[in-house]
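Please examine the sequence and the structure below, and then read the briefing that follows. Its points are grouped by topic.

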Amino acid sequence: SKEPATVLLSSPPKAERKIVHAAESATKQFANSDVTTASLKAKEAAKLEYEKMIASALKAEAKAHADSEHATEQALSQESNSERMKMNTRIARAKRDLEVQRETDSALSHEMETEVKRTLTARVELGV
């Protein structure tokens, strides 16, 4: 007589558990690898963006410095031109003053000559 076969419910064989564990482990590693790769790509992109931003900032700073130097040169040039114009104005005023003084001196000299002639003529006429 044959006894009915008994099916025992038991845990999966060790080999199967190892396979499942290996598969889960591999899945985790792939997922971690994907996250790591994505993280590295994001870091690289952020680094490139940062480098672009720094380069742009340095370029803007250099331009601002150049613009400032140019403005300073223009201001100094205008100041120099202004000083030159003031000096020319002073020279022209001094020349005018000198000419007025000469005219005044000439007029006084003429008056004195006239007075001397009149005085001498009066003395001659009076016999003094």
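Tyr-50, Met-53, Ile-54 and Leu-58 form a nonpolar patch on the surface, and together they have about 410 Å² of accessible area. Such patches are made of residues with over 30% relative accessible area and no salt bridge; nonpolar side chains (Val, Leu, Ile, Met, Phe, Trp, Tyr) are joined within 5 Å, and like charges within 9 Å. Accessible areas come from the Shrake-Rupley method with a 1.4 Å probe, and for residues only the protein chains shown count as cover. The model is predicted: local features need pLDDT of at least 70, side-chain atom pairs count only at pLDDT 80 or more, and totals for chains, interfaces and linings use all residues. Residues are numbered from 1 along each chain as its sequence is written, and side-chain values use heavy atoms, with hydrogens and water left out.

**A member of the patch**

- Ile-54 has its place in helix 1.
- Ile-54 counts as partly exposed because its relative accessibility is 34%; buried means under 20% relative accessible area, exposed over 50%, and partly exposed in between (1.4 Å probe, protein chains only).

**The helix and the chain**

- The secondary structure comes to 1 helix and 0 strands; helices (H or I, at least four residues) and strands (E, at least two) are DSSP runs, numbered from the N terminus.
- Helix 1 has 113 residues and, at 1.5 Å a residue, should span 168 Å; its end C-alpha atoms are 164 Å apart, which agrees. The expected span is 1.5 Å times one less than the number of residues.
- Just after helix 1, Gly-127 takes a positive phi of about 80°.
- Of the 128 residues in the chain, 0% are buried.
- The chain has an accessible surface of about 12,100 Å², and 60% of this belongs to carbon and sulfur atoms.

**Salt bridges**

- How many salt bridges does a search of the whole structure find? The search finds 4, where a salt bridge is a side-chain nitrogen of Lys or Arg within 4 Å of a carboxyl oxygen of Asp or Glu.
- Side chains of opposite charge can pair when their charged atoms come close.
- One of the salt bridges joins Lys-63 and Asp-67, at 3.0 Å from N to O. Both residues lie in helix 1 (residues 14-126), 4 residues apart, about one turn of the helix.
- Lys-63 is exposed because its relative accessibility is 53%, whereas Asp-67, at 41%, is partly exposed.
- Lys-86 and Glu-83 meet in a salt bridge of 3.8 Å, N to O, and they are 3 residues apart in helix 1, about one turn.
- Lys-86 is partly exposed at 41% relative accessibility, and Glu-83 is partly exposed at 40%.
- Arg-118 and Glu-115 also meet in a salt bridge, at 2.4 Å from N to O. These residues of helix 1 lie 3 residues apart, about one turn.
- Arg-118 is exposed, with a relative accessible area of 52%, while Glu-115 is partly exposed, with 37%.
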